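Here is a short report on one structure. Keep the model open while you read.

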Amino acid sequence: MAVQVKVPSVGESITEVTIGSWHRKDGDTVQMDEVIADLESDKATFELRAPEAGVLKILKQEGETVPVGELICEIEPSGADGKSSGEPPKETPKKETPKKEEKAEAKAESPQPASAAEAQGKGGKVREMRVPAVGESITEVTLSTWLKKDGDRVELDEIIAEVESDKATFELPAEAAGILHIVAKEKETIPVGGLICTIDEVSDGAPAKVEKAPAPEASASEAHTYAAGHPSPAAAKILEEKGLKASDVKGTGRDGRITKEDAMQAQQPSKPAESGKAPAPQPAAVPAPAGARNTRREKMSSLRRTIARRLVSVKNETAMLTTFNEVDMKAIMDLRAQYKDKFKEKYGIGLGFMSFFTKAVCIALKEWPAVNAQIDGDDIIYHDYCDISIAVSTPRGLVVPVVRNADLLSFDQIESEIARLATKAREGKLSIDEMQGGTFSITNGGVFGSMLSTPIINPPQSAILGMHNIVERPVVKNKEIVIRPVMYVALSYDHRIIDGRESVSFLYRVKELLEDPGRLILGV
Amino acid sequence: MDYNVTIIGSGPGGYVAAIRCAQLGFKTALIEKYDTLGGTCLNVGCIPSKAMLDSSEHFANAKENFKAHGINVQGLKVDFAAMVARKADVVKQNVDGIAFLMKKNKVDVHHGIGSFVDKSTIKILAKDGSEKKITTEYVIIATGSKPTPLPFAPFDKKRIISSTEALELKEIPKHLIVIGGGVIGMELGSVYSRLGSKVTVVEFLDNLIPTMDGTLGKELQKVAKKMGMDIYLGHKVTSVNVKGKEVTVTAEDKQGKALELKGDYCLVSIGRQPYTEGLNLSAVGIGLDKGRIPVDEHLRTSVDNIYAIGDVIRGPMLAHKAEEEGVFVAERLAGQKPHINYLLIPGVVYTWPEVASVGYTEEQLKESGRAYKTGKFPYKALGRARASMDTDGLVKILADKNTDEILGVHIIGARAADMIAAGVTAMEFRAAAEDVARMSHAHPTYMEAVKEACLAATANRPIHI
């Protein structure tokens with residue numbers, strides 16, 4: 001088979017290279033490690049060496065720009081006849097000997113896997129179940145509950161476990177009928193593609209007696225030896241002090257061992273842990289000191305870790321600031337008082353403030369499109385639609401389901417949609433789709449009594465509106481002090497793409513629309 | 001409080017704990033009953049016995065092996081007084097070294113018997129009868145152990161002796177009877193055997209150095225017999241009687257067949273027991289479990305500010321185990337979270353050839369039902385060993401049958417005590433036998449035997465045999 005030669009990753013910030021020159025022609029026989037081309041990046045020129053001896057097949061021409069990881073040529077290992085052509089003859093015997101040995105070794109080793117396969121063959125096939133790709137931004141999941149026990153017989157599509165990602169909880173159906181062998185333990189975090197369990201497929205009713213390997217770790221997969229995830233003595237001490245488990249860390253040492261450096265760098269547990277299994281779980285609880293000064297140490301949930309990581313990254317990666325205004329809510333409250341019963345009667349849903357705010361925001365977003373935009377690399381993406389993310393507090397943490405095309409929805413449609421999403425959110429049943437792709441967010445700290453706050457942008461969005469409590473305050477109207485229900489509103493925005501004029505005008509526009517709901521109808 | 005940490009006992013556990021505490025910024029006190037620091041290990045244990053072992057080894061070499069090396073020596077004889085004096089000098093250098101280290105690390109040393117007044121107050125009774133009290137936040141008990149006497153024949157320290165007296169004899173015994181074929185008995189037995197004593201070892205169990213892998217005991221027995229020692233295994237000592245300069249030891253085997261031995265000295269080396277006398281543990285409510293101080297996994301006693309390490313707690317009575325525990329406790333007090341892997345604390349016997357071992361023994365693996373494989377390589381097949389005429393011994397590697405992970409390294413042979421560190425390293429990193437087999441080992445060295453044994457364990461393919 002031809003060996004594929006791809007653009008190697010040559011530096012952190014280098015994403016593409018230009019082919020400077022080919023040293024060998026298409027069809028040439030090349031030697032292993034021979035320099036076959038010069039590649040140029042914006043930082044340096046470097047040499048591309050042949051990873052194998054054989055016949056070169058050039059796929060990308062000189063002057064072409066090729067991204068890192070893309071195929072640039074193939075090398076067809078020379079057949080038995082063509083082999084010696086390019087090689088000095090004296091080397092031939094030398095090179096052949098080790099090859100023979102390799103073959104011999106391969107043969108010597110082959111009986112093992114073969115016999116293993118045979119053993120499996122008797123009981124049917126073994127189906128490995130891995131973490132499915134559940135969403136674009138999801139790299140790992142936490143196994144929340146096993147519904148079946150190790151060794152249980154499971155049916156095809158039967159729900160065997162519940163899995164939690166930072167966005168949603170979903171159920172895991174068995175991919176085959178047979179005997180379940182659990183690999184990932186409860187509360188374990190597993191990367192997408194990581195092994196969750198295996199199922200020994202059994203066709204008939206009688207569960208085949210499955211030989212239990214003495215070292216179950218060994219069979220997990222080729223990358224997982226018994227030593228994967230084993231911390232060195234120094235690494236073990238560092239991990240313990242950081243309150244991390246070995247399973248939280250990806251070992252870069254031989255066979256996945258955790259080196260001291262791995263442990264020193266293991267600050268963000270967000271790194272997907274590669275090992276599919278946790279080596280001997282360590283007691284996480286810290287012994288309580290005497291007296292009533294107990295502390296508790298709990299592993300952060302996947303959701304919590306994601307929230308933590310993203311909030312910090314927003315602070316670090318955006319130019320975020322907040323502008324404030326106040327809204328006289330009297331008009332809306334009057335309107336609501338007048339129509340809420342009729343509204344409920346007609347639509348079966350209460351008339352809340354959210355529909356007013358959502359509508360007002362949609363109109364303002366159309367007028368100030370930068371607030372509804374987002375940065376993507378060197379580009380700005382403007383959205384001609386309004387997908388409004390609504391922050392919902394749940395026992396598991398904050399989630400932000402999206403009301404799609406909110407600009408096109410009526411008041412009752414908005415209220416029903418928010419009610420539906422909020423219910424699902426509290427039950428932990430939101431799907432990934434329902435949480436992805438908002439263009440602007442609204443958060444209401446007022447429900448908890450907040451007077452004023454500076455919300456944090458929900459990336460990759462560029463702005464978020466913060467609602468607060470409604471308090472009767474003395475305000476001056478027509479040179480008279482009157483008592484009005486007032487809400488302070490805040491708009492946090494990314495100053496990189498939204499200027500002060502736009503953000504302040506946007507928020508003022510929202511205020512205008514809310515203080516005079518007639519404008520909402522007329523769009524003026 | 002006068003001190004953050006007070007350590008009672010200055011053996012290898014105590015003085016190492018003191019240094020580590022001082023390094024971590026604790027104001028540290030060290031209490032020692034005797035005039036010199038270093039405890040059993042430095043004064044009457046590891047260091048002096050190694051001094052005597054080396055001296056007697058030189059003599060034995062000169063007597064037995066120099067001729068074959070082409071060196072003729074005439075008028076060879078032992079100046080035993082000089083030998084003991086050199087040993088004393090080695091001890092002095094070492095204990096002075098500890099005193100210097102205490103000064104350097106600003107550890108306050110108090111000489112006297114430390115005892116608890118309450119959990120934060122320690123009374124120190126000096127030799128001259130003067131008393132003082134110090135207060136301390138934490139206490140580490142590191143009082144070590146002492147030789148266990150036979151219940152029916154207490155040490156008279158003249159003819160019925162412990163290891164302590166065996167290192168201070170004024171003459172070379174004519175016939176030394178050693179009761180207990182463990183580490184201490186075999187080490188001191190071989191010292192006097194080399195110096196010309198007739199040595200007879202009586203062991204209750206069926207193997208010498210019975211806590212170690214059986215292969216090692218059997219090999220050691222062969223070597224000891226070659227040296228001229230008489231070994232009686234499976235014999236229970238029933239009486240020890242002293243009459244003038246003569247000691248009579250009677251024993252019987254499992255069938256009840258009696259044995260009578262007459263010698264001029266009897267070394268009782270049946271083990272050591274924790275030493276807690278004078279600590280006044282009852283003042284703080286610490287009880288004992290079979291003589292040992294019970295501790296939790298952080299080596300904390302039942303009193304929250306009192307810790308214990310070394311021979312007074314569970315585990316093998318080894319200086320290096322106590323040292324690890326001293327560091328462990330000091331670091332825990334500083335809020336760090338170190339580990340000790342007790343499986344990987346090596347055991348060493350300083351006979352010649354030396355015996356050293358780490359990890360599981362074959363007996364333990366058999367008992368646990370673990371599938372394992374064995375790789376052995378004899379010193380006889382080693383170029384380095386032939387060059388030095390140290391061809392007794394072997395390396396045995398035990399590895400998991402499925403994963404090839406090294407589960408035990410057992411060595412008897414020249415330099416075994418130094419070589420075992422490589423086994424500890426490999427096992428701490430959970431190396432497979434093939435991993436070690438694929439690492440370059442310098443030639444010619446004794447360590448090549450480890451590589452070869454690993455090759456043998458991997459796929460039974462050693463090169464040089």
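## Two helices of chain B

Helix α3 spans residues 46-65 and helix α6 residues 183-194, both in chain B; their axes come within 8 Å and cross at roughly 35°. Axes are lines fitted to C-alpha atoms, for helices over the stretch in contact, with angles from 0 to 180 degrees between N-to-C directions. The crossing is left-handed, that is, the near helix is turned anticlockwise from the far one by less than a right angle.

## Ground rules

This is a predicted model: local features need pLDDT of at least 70, side-chain atom pairs count only at pLDDT 80 or more, and totals for chains, interfaces and linings use all residues. Residues are numbered from 1 along each chain as its sequence is written, while chains are lettered from A and ligands numbered from 1 in the order in which they are written. Helices (H or I, at least four residues) and strands (E, at least two) are DSSP runs, numbered from the N terminus.

## The sheet in chain B

Five strands of chain B form an open, antiparallel sheet in the order β18-β19-β22-β21-β20. Strands pair if DSSP finds at least two bridges between them. β18 (347-349) and β20 (372-378) stand at the edges with a single partner strand each, so one side of each has no neighbour in the sheet. The twist averages 10° from one strand to the next.

Seven bridges link β20(B) to β21 (residues 394-400) of chain B. B:Lys373 stands opposite B:Ala399 in β21(B). Helices also lie against these strands. α11(B) packs on the sheet and touches β18, β19 and β22 of chain B, at about 10° to β19(B). Helix α7 (residues 214-227) of chain B lies across β19, β21 and β22, at about 5° to β22(B).

## Strands and a helix in chain A

In chain A, β12 (residues 159-164) is joined to β10 (residues 140-146) by four bridges, antiparallel. β12(A) also pairs with β13 (residues 169-173), antiparallel, over five bridges. A:Val163 takes part in both pairings: it partners A:Leu143 and A:Phe170.

Helix α7 (residues 354-367) of chain A has 14 residues. Of these, 11 are buried, among them A:Phe356, A:Phe357 and A:Leu365. Buried means 20 or more other C-beta atoms within 10 Å of the residue's own, exposed 12 or fewer, and partly exposed in between.

## Backbone exceptions

Most residues other than glycine have a negative phi, and most peptide bonds are trans. B:Arg415 has phi near 65° and is buried, with 20 other C-beta atoms within 10 Å. B:Asn460 has a positive phi of about 50°, but is exposed, with 10 such atoms.

The bond from A:Pro459 to A:Pro460 is cis, with omega near 5°. The bond from B:His443 to B:Pro444 is also cis, with omega near -5°.

## Between the chains

The contact takes 15 residues from chain A and 13 residues from chain B. On the chain A side, eight are nonpolar, three polar and four charged.

Note on methods. Contact = placed C-beta atoms within 7 Å. Nonpolar A, V, L, I, M, F, W, Y, C, P; charged D, E, K, R; others polar. Expected span 1.5 Å × (residues − 1).
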